[in-house]
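Please read the following with the sequence and the model side by side.

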Amino acid sequence: MQSRRGSLMQSRFPDLVAAAADLSDGLVLDGELVVWVKGRMSFEALQRRAVSGGRTAVRLAQEMPAHFIAFDRLQVDGQELLHVPYGERRAQLEQLFTDRNMSVPWALCPETTTVATSQEWLMSWTQVPGVEGLVMRGSGQRYLPGSRALYKVCRRGTTEAVVGAITGIVRRPQALVLGRLDEAGAFRPPVGRSTPLRPDPGGVPSVVGLQAAR
């Protein structure tokens, strides 16, 4: 098991290593590690597990089991599939789940080619904390390691807030700190902040996006 950057992680996820013992040799899957806590995906719990080791890793595997959501099959029986069109790799991945009756902690990432279904997923599934949106790719794409070959569509919400403070200086602010007024009219920060501001050609900073406060 290795991260996107190639770091070995099997000592931190002994539960997934044990589950992988039932899979065939020479199999390489690409996917996403997630940890569910109280009905939501918890990035904090995943980070905690990713830096654990030894007895702590074993204990956390029992308290916060990880799941692997597979979305690609990159090698089978030692043979690389990187140049095989994605549609064929996906078919092989689905067949793997069927043949081996794979279940928890393994999960097959859902997929559709229907626009209406995609729109429904974007609106309903993003209500689950931790799910930001959809990822798209072409059925004829080959696998490109290290390249941003996927198109991500995020759901974005709107809300009202008050600019309560800035970072940087007034003449050239770096970011806006946002808050809201409570029922008594008192300002309660922060509810979020802007992404880094950049001046427009006239020298006035422009807001390019907002980030929710954690």
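**From the whole chain to single residues**

Of the chain's 214 residues, 27% count as buried; buried means under 20% relative accessible area, exposed over 50%, and partly exposed in between, with a 1.4 Å probe and protein chains only. This is a predicted model, in which local features need pLDDT of at least 70 and side-chain atom pairs count only at pLDDT 80 or more, while totals for chains, interfaces and linings use all residues. Residues are numbered from 1 along each chain as its sequence is written, and side-chain values use heavy atoms, with hydrogens and water left out.

The chain has five helices and 13 strands. Helices (H or I, at least four residues) and strands (E, at least two) are DSSP runs, numbered from the N terminus. Its C-alpha trace spans about 60 × 45 × 30 Å along the principal axes. The radius of gyration is 22 Å, whereas a compact globule of 214 residues would have one near 17 Å; the radius is taken over C-alpha atoms, and the globule rule is 2.2 Å times the number of residues to the power 0.38. Among contacts in the chain with a separation of 6 or more, 44% come from residues 24 or more positions apart. Contact here means heavy atoms within 4.5 Å. The chain exposes about 14,800 Å², of which carbon and sulfur atoms supply 52%; these areas come from the Shrake-Rupley method with a 1.4 Å probe, and for residues only the protein chains shown count as cover.

Which residues touch the most other members of the largest nonpolar core? They are F13, L33 and W106, in a core of 22 residues. A nonpolar core is a set of buried Ala, Val, Leu, Ile, Met, Phe, Trp, Tyr and Cys residues joined through side-chain atoms within 4.5 Å. At least two residues of this core come from each of α1 (14–20), β1 (28–37), α2 (43–50), β3 (66–76) and α4 (86–99). Leaving aside neighbours within four places in sequence, L33 is in contact with M1, M9, F13, L16, L46, H67 and F68.

Helix α5 (residues 115–124) has S118, W121 and L122 buried. Seen down the axis of α5, the buried residues fall within an arc of 100°, so they line one face of the helix; the arc is that of the directions from the helix axis to the C-beta atoms. An α-helix has 3.6 residues a turn, so residues three or four places apart point the same way. A116 and Q119 are exposed on the other side of α5. The cover over the buried residues of α5 includes β6 (133–136) and β7 (151–154).

Next come some backbone details. Most residues other than glycine have a negative phi, and most peptide bonds are trans. D77, in the loop between β3 and β4 (79–80), has a positive phi near 55°. N101, in the loop between α4 and β5 (106–108), has a positive phi near 50°. D77 is exposed, with a relative accessible area of 65%, and N101 is exposed with a value of 65%. The loop between α4 and β5 also holds P105, which is joined to V104 by a cis peptide bond with omega about 10°.

Is S194 buried or exposed? S194 counts as buried because its relative accessibility is 0%. S194 is found in strand β10 (residues 187–194), and its side chain reaches the backbone nitrogen of L176 at 2.9 Å.

Conventions:
Polar contact = N/O pair within 3.5 Å; in protein donor to acceptor, adjacent residues only side chain to side chain.
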